[in-house]
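These exercises ask you to read a structure step by step. Try each task before reading its solution.

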Amino acid sequence: MTPEIIVNGKKLEEIKDQCLGIAFFEDNLKLRNEIKNLDNSINNAIGNSIKNKDFKAEKNEVKTFYINKNIKYLALLGLGKENDFDLNKLMDATSNLSKKLRNSGIETFSLALNSFKNKNYEHDIYLEKITQAITLSLYQFTKFKTRDLDKIKSIKKVTIILDNEHLKNSEKIANEASIYAEAVNKTRDLINTPPNIATPDYVATAAADAGKKNGIKCTILDEKQIEKLGMGCIMAVARGSSHKPRIFVLEYNGNGNEMPIVLVGKGVTFDTGGINIKPSSYLTTMKDDKAGACGIINILEACARLKLKLNVIGIGALAENMIGSSSYRPDDVLKSHSGLTVEIVNTDAEGRLLVADALSYSLKYKPQAVIDVATLTGASIVALGYFASPVLGNDQKLIDKIKAASEKSLEKIWQFPLWDEYKDLIKSDIADIRHHHGGIDAGVMVGGIFLKNFVKDVPWAHIDIGNTVWAKQEKGYTVKGATGFSVLLLLNLLRDWK
């Protein structure tokens with residue numbers, strides 16, 4: 001359940017709710033005037049707790065009191081030292097409080113926005129990040145549970161209390177922030193959906209449904225159309241599966257005849273590795289290999305809901321990489337949509353084959369820029385761990401825009417090079433290029449240099465989410481399972497596009 005988030009300009013002592021959350025910095029425990037007025041109405045519970053050092057405001061510390069007046073409970077939240085405070089810490093603190101209140105059985109609560117503020121950020125940023133943190137951190141994937149459903153706890157409504165002077169535009173800001181976060185959660189839902197259900201056709205249907213609901217043109221290409229278009233790379237990956245490949249094309253038009261920005265997503269609904277089968281320990285989360293395409297669907301839907309003034313096209317290449325008598329093999333040579341022939345080295349490097357054909361196909365729309373998102377390499381984990389994704393491309397201005405969006409979205413990226421020296425690693429003796437170099441060195445860059453062959457001179461960037469797509473543990477607003485990484489990043493990019 002996604003909580004309803006509303007804004008309110010009432011005085012704190014007038015708030016009626018199950019719980020009220022107030023934040024403090026460790027090195028600034030003075031009570032602001034509005035908090036003093038509240039404290040006077042609840043027998044100085046806040047001041048006494050600080051005076052007696054029951055609450056020290058250490059980072060992510062939560063102290064809860066039973067008040068049983070207008071508010072039933074009061075929750076004090078520690079933000080740590082003010083000089084160390086940043087937006088990541090803001091989102092983590094808000095997320096931790098939200099989850100603790102939910103797990104305690106509280107269904108509605110209020111937050112005093114001013115108590116989170118310091119001089120470093122504007123009001124609008126605080127409201128946006130707090131709204132997103134609440135929505136993202138309270139995400140739960142329960143679709144396939146049938147037992148103990150009555151024991152699943154959830155927050156139904158959160159009220160953000162702010163000054164009347166900020167009330168005018170705050171409802172719009174909170175609503176837009178909720179749309180961003182809901183796009184992430186819908187992406188998480190689709191990625192988390194198991195592969196026996198989320199087949200290529202299922203994901204394509206999800207794209208069509210999103211298009212129909214939001215007035216976005218959607219075209220679905222089936223296996224016959226894909227083959228007729230000469231997409232030999234996608235067809236080869238799909239050959240081993242009984243589930244046929246699909247391509248969806250979502251076209252959002254928000255700015256007349258302007259050249260579109262094209263987003264391309266990898267959508268391998270399950271990846272066994274093919275004939276180069278994965279070790280068993282790597283198979284258990286391979287439903288996440290469709291994350292790029294899943295994110296594209298919800299980014300396009302959010303563009304429509306936000307009424308962005310630009311044209312965006314989303315293309316998802318969908319296939320299942322299975323093992324069968326028809327599976328493609330190492331040493332095969334495929335003819336791509338672009339006309340380039342591709343020698344196969346490792347069938348577990350299937351994602352770049354789907355993306356290559358989709359990138360080539362995207363050029364028909366005469367885009368001003370193309371960005372692909374793909375769970376492309378395990379090498380991204382070796383390079384950056386699980387907290388930031390590699391970005392690389394052929395246009396520094398485009399990559400700089402993505403970097404700026406990363407700063408605003410808090411989804412971390414790091415630029416990798418595409419030096420000419422990497423070209424030698426995919427030279428083929430019998431075809432135009434190899435799709436993999438057969439080694440473990442420079443894996444992220446080799447994947448990128450291969451994809452570069454399919455975009456010609458169009459400004460292009462590649463975001464490798466192979467390391468950020470899945471979380472093994474909760475941290476802040478990140479929950480276990482699919483993360484939805486790249487959705488906030490790309491929505492911030494599109495919102496600020498110039």
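**Exercise 1.** At roughly what angle do the axes of helix α10 and helix α13 cross, and within what distance do they come? Work out how the two helices are oriented and which residues join them.

Solution. The model is predicted.

Step 1. Helix α10 covers residues 351-362 and helix α13 covers residues 443-452. Their axes come within 9 Å and cross at roughly 30 degrees.

Step 2. Angles under 35 degrees count as roughly parallel. Therefore α10 and α13 are roughly parallel to each other.

Step 3. The contact is made by Arg352, Leu353, Val355, Ala356 and Leu359 on the α10 side, and by Val446, Gly447, Phe450 and Leu451 on the α13 side. By class, these residues divide into 7 nonpolar, 1 polar and 1 charged.

Step 4. The crossing of α10 and α13 is right-handed.

**Exercise 2.** Is leucine 353 buried or exposed? List what it touches beyond its sequence neighbours.

Solution. 

Step 1. Leucine 353 is placed in helix α10.

Step 2. The relative accessible area of leucine 353 is 0%. Buried means under 20%, so leucine 353 is buried.

Step 3. Not counting residues up to four places away in sequence, leucine 353 touches Cys233, Ile234, Val237, Tyr328, Leu334, Val342, Ile344, His435 and Phe450. Phe450 also belongs to the α13 side of the helix contact in Exercise 1.

Step 4. For a distance in space, take tyrosine 386: it is 33 residues from leucine 353 in sequence, and the two C-alpha atoms are 24 Å apart.

**Exercise 3.** Which residues of helix α1 are buried, and which exposed residues does the opposite face carry?

Solution. 

Step 1. In helix α1 (residues 33-41), the buried residues are Ile35, Leu38 and Asp39.

Step 2. These residues cover an arc of only 100 degrees around the axis, which puts them on the same side of α1.

Step 3. An α-helix has 3.6 residues a turn, so residues three or four places apart point the same way.

Step 4. The face of α1 turned away from the buried side carries Asn33 and Asn40, which are exposed.

Step 5. The buried residues pack against β2 (17-24), α2 (45-51) and β4 (71-78).

Step 6. After α1 comes asparagine 43, with a positive phi near 60 degrees.

**Exercise 4.** Where do threonine 193, asparagine 60 and leucine 410 lie, and how accessible is each?

Solution. 

Step 1. Threonine 193 lies in the loop between α5 and α6 (200-214). It is buried, with a relative accessible area of 2%. Leaving aside neighbours within four places in sequence, threonine 193 is in contact with Phe141, Phe144, Ala198, Tyr202, Lys287 and Lys290.

Step 2. Asparagine 60 is in the loop between α2 and β3 (62-66). Its relative accessible area is 23%, and it is partly exposed. Its phi is positive, near 70 degrees, and it is a residue other than glycine.

Step 3. Leucine 410 is in the loop between α12 (396-409) and β15 (412-415). Leucine 410 is buried, at a relative accessible area of 11%. It is not a glycine, yet its phi is positive, about 75 degrees.

Methods:
Residues numbered from 1 in each chain as written. Predicted model: local features only at pLDDT ≥ 70, side-chain atom pairs only at ≥ 80, totals over all residues. Heavy atoms only, no water. Buried < 20%, exposed > 50% of the residue type's maximum accessible area, 1.4 Å probe, protein only. Helix = DSSP H or I, 4+ residues; strand = E, 2+ residues; numbered from the N terminus. Arc of directions from axis to C-beta. Contact = heavy atoms within 4.5 Å. Axes fitted to C-alpha atoms, helices over the stretch in contact; angles between N-to-C directions. Parallel < 35°, antiparallel > 145°, perpendicular 65-115°, else oblique. Left-handed = near helix turned anticlockwise from the far one by under 90°. Nonpolar A, V, L, I, M, F, W, Y, C, P; charged D, E, K, R; others polar.
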